[in-house]
Structure formats: structure tokens, C-alpha cells
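Subject: Structure handover

Hello,

Here is the structure I promised to send over. Please open it first, then read the notes below.

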Amino acid sequence: MRDLVGKTAFVTGGASGIGLAIGRAFAGAGMRVMLADIEAKPLEQAIEAFKGNLPEVRGVVCDVRDYADVERAARMTVEAFGKVHVVCNNAGVTGSAGTDNISLQDWQWVIDINLMGVVHGVKAFLPLLKAHGEGGHIVNTASMAGFLSDTGFGAYTASKFAVVGISEALSTELEPQGIGVSILCPGWVATRISESRRNWPNEYGVPPPRGPLAERFAELVRNGMAPGDVAALVLKAVQNNELYVFTHPDMRPWLEKRVDRFLTAYRKLGAPQEMLE
Ligand SMILES: NC(=O)c1ccc[n+]([C@@H]2O[C@H](COP(=O)([O-])OP(=O)(O)OC[C@H]3O[C@@H](n4cnc5c(N)ncnc54)[C@H](O)[C@@H]3O)[C@@H](O)[C@H]2O)c1
């Protein structure tokens with residue numbers, strides 16, 4: 001979407017970190033922005049901070065785990081701004097370290113937000129993007145953990161691999177309809193992600209204890225990239241219709257190692273009989 005001025009963006013996880021920075025970048029580019037988040041107070045403070053120079057930013061409290069709530073947020077966005085053009089399914093949490101030792105509740109919580117939150121956002125907003133015929137764009141926040149399996153966080157990795165898969169499929173499906181898709185794949189970013197547990201809902205039972213990797217993870221996040229730098233790349237990706245939004249060039253050797261691993265296994269099948277076009 002080349003021309004963003006006057007268009008509308010909806011961003012989940014918009015009260016903090018990457019989502020808030022994306023909201024700022026879009027508003028700075030002349031867009032109207034609806035920030036959605038489960039945390040009412042930080043959301044209110046974020047909206048208050050915009051009021052002076054970027055008044056076209058509003059907020060809606062919304063739990064992305066709940067489809068009816070996401071649909072309600074979609075209706076409120078249309079009521080406030082008339083149309084929606086860009087949707088960022090960004091809300092996310094980390095869950096515990098490990099894979100087989102994670103409780104089922106922990107798995108459920110991570111999947112409900114990181115995966116189903118994206119599914120809900122796409123399902124609720126896609127008809128609205130299609131309806132006005134002005135084109136649109138969906139940004140789904142994955143992670144480098146959507147490509148690298150050895151991060152130490154099994155449920156998180158599973159959810160982010162799923163986000164990459166869904167987004168790639170969507171991109172092929174929506175391209176003929178003038179709707180672009182971007183997959184945001186950051187490495188470490190200095191946000192509140194290592195405090196994800198602040199949003200642990202009681203209905204999942206007692207929150208799991210902080211695992212052995214928690215402190216190391218928090219330190220990497222503290223020293224991570226500024227969210228504003230990530231948001232600038234998202235803005236560019238929406239304008240240029242880029243599918244992959246990679247942010248951390250230093251992670252390239254890990255990516256190459258992974259691709260090499262399955263290419264090596266695949267080549268053992270021998271040369272193809274016929275090259276497929
Ligand atoms: N920070 C990093 O290092 C990093 C790296 C790669 C990917 N990411 C991804 O970036 C996205 C944003 O995370 P962040 O780093 O800005 O963390 P953050 O904790 O600062 O922000 C996440 C926001 O999501 C909100 N949220 C949580 N559960 C929600 C729910 N059920 N419904 C609606 N909102 C909810 C939180 O209240 C918070 O405002 C996540 O998807 C995360 O997985 C972060």
C-alpha cells in the first residue's frame with residue numbers, strides 16, 4: 001500500500017513494545033490507528049500520550065483469544081474510522097522454556113494468543129479489507145522463532161512456525177485480490193515480552209514458575225533492538241508489499257544452518273527424475 005495517508009490501521013498488542021511502536025509509525029505516516037490490547041491501563045496511557053500531536057489514534061480493550069471480542073473491536077474500528085486497510089495481528093506471549101515439561105495450560109495459553117489471536121484477527125478483519133476495494137495489508141507478528149526451532153521455548157516456537165505457515169498461505173491466496181501480507185520476524189527486541197506472565201488469566205490455573213532460561217531471556221530482551229527500529233521496517237514492508245520482515249542480520253548463520261540441514265536430508269533422495277517448473 002503505497003499511499004497510507006488517511007487510511008486506517010488496527011494493531012493488537014498495541015499498548016506496549018512492538019505493537020505500540022507500530023502504532024506510532026503508522027500514525028506518524030498519516031494513518032488513523034486503532035490500538036487493541038488486553039491491558040486497559042497501559043492502553044489508556046498510550047492513547048493519552050498520542051493526544052497532543054497525533055489525535056487520530058484510539059484504543060479498544062480486546063482479548064485476542066476471544067473471537068467475539070475481536071469482532072467487536074473490528075466493528076468499533078469501522079464505527080470510529082469508516083474503513084480498515086491494515087491489520088497487525090501482533091499480540092503475543094512467550095510461555096515457559098522447554099517442550100515436554102510445559103504444562104498443558106501453558107501450551108493452551110500460548111497457542112490461544114499467538115496462534116488463535118492471529119486466526120481471529122484474519123477472520124474478523126479480512127471481509128472488511130475486501131469490502132471497500134481499496135486494497136489492504138495484513139501484518140502477522142511471528143519471530144525468528146518461526147524459523148529456528150532451537151530457541152528453548154517449545155510452545156512459543158510451535159505457535160510462531162504456525163504463524164509463518166498461515167501467513168505464507170494467505171499471501172498466495174490474497175495477492176490476486178490486492179491484499180498484501182507481511183510476516184514480522186524479529187530477533188530480540190527491548191519490550192516487556194519477558195514479563196508476558198503479567199497477563200496470565202486465572203482460568204488456566206496457577207501460573208507456571210519462571211523457568212531456568214527466564215533470566216537469560218530477560219537479559220537478551222533488555223539488550224535487544226529498539227521497538228521503533230522494528231516498526232520502521234514494518235512501515236516500509238507495508239508500503240513495498242514485502243512478505244518477510246527480517247530485522248536481525250546477525251541471526252543469518254542460524255537460518256542458513258537450518259536450511260542446510262533439511263536440504264542435506266532432502267538431497268539424499270537423489271536427483272529429481274524431472275525438474276518441476
Ligand atoms: N520482544 C522480542 O524480543 C520479540 C521477538 C520476536 C517476536 N516478538 C513478538 O512481538 C509481539 C509483540 O510482543 P512485544 O515484544 O512487544 O511484547 P510486549 O509484552 O511488550 O507487548 C505484547 C502486548 O500484547 C498484549 N497482550 C497479551 N495478551 C493479549 C491478549 N490475549 N489479547 C490482546 N493483547 C494481549 C500485552 O498486554 C502487551 O501489551 C509478540 O507476538 C511477540 O511474540 C517479540
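Which pocket does the space taken by the ligand form? That space is the largest pocket. Two elements each give two or more residues to the shell around the ligand: α1 (17-28) and α5 (154-174). Please keep in mind that this is a predicted model.

**Ligand surroundings**

The ligand is surrounded by 28 residues. The closest are S16, D37, N90, Y156 and T191. By type, the shell holds 12 nonpolar residues, 10 polar ones and six charged ones.

- D63: an N or O atom of its side chain lies 2.9 Å from a nitrogen atom of the ligand.
- R192: here the backbone takes part, with a polar atom 3.0 Å from an oxygen atom of the ligand.
- N199: an N or O atom in the side chain is 3.0 Å from an oxygen atom of the ligand.

How much of the ligand does the protein cover? On its own, the ligand has 830 Å² of accessible area, and the protein covers 98% of that.

**The chain as a whole**

The protein chain has eight helices and seven strands. Its C-alpha atoms fill a box of roughly 60 × 50 × 35 Å along the principal axes. What about the radius of gyration? A compact globule of 277 residues would have a value near 19 Å. The protein chain has 19 Å, so the two agree.

Best wishes

Key:
Residues are numbered from 1 along each chain as its sequence is written. This is a predicted model: local features need pLDDT of at least 70, side-chain atom pairs count only at pLDDT 80 or more; totals for chains, interfaces and linings use all residues. Side-chain values use heavy atoms; hydrogens and water are left out. A residue is near a molecule or strand if one of its heavy atoms lies within 4 Å of it. A polar contact is a pair of N or O atoms within 3.5 Å; within protein, one must be able to donate a hydrogen and the other to accept it, and residues adjacent in sequence count only if both atoms are side-chain atoms. Accessible areas come from the Shrake-Rupley method with a 1.4 Å probe; for residues, only the protein chains shown count as cover. On a 1 Å grid over the protein atoms alone, a cavity is a set of points where a 1.4 Å probe fits but cannot get out, and a pocket is an open set with protein on both sides within 12 Å along at least five of seven lines; lining residues have an atom within 4 Å of a point. A molecule sits in a cavity or pocket if more than half of its atoms lie within 2 Å of its grid points. Helices (H or I, at least four residues) and strands (E, at least two) are DSSP runs, numbered from the N terminus. Ala, Val, Leu, Ile, Met, Phe, Trp, Tyr, Cys and Pro count as nonpolar, Asp, Glu, Lys and Arg as charged, and the others, Gly among them, as polar. The radius of gyration is taken over C-alpha atoms; the globule rule is 2.2 Å times the number of residues to the power 0.38.
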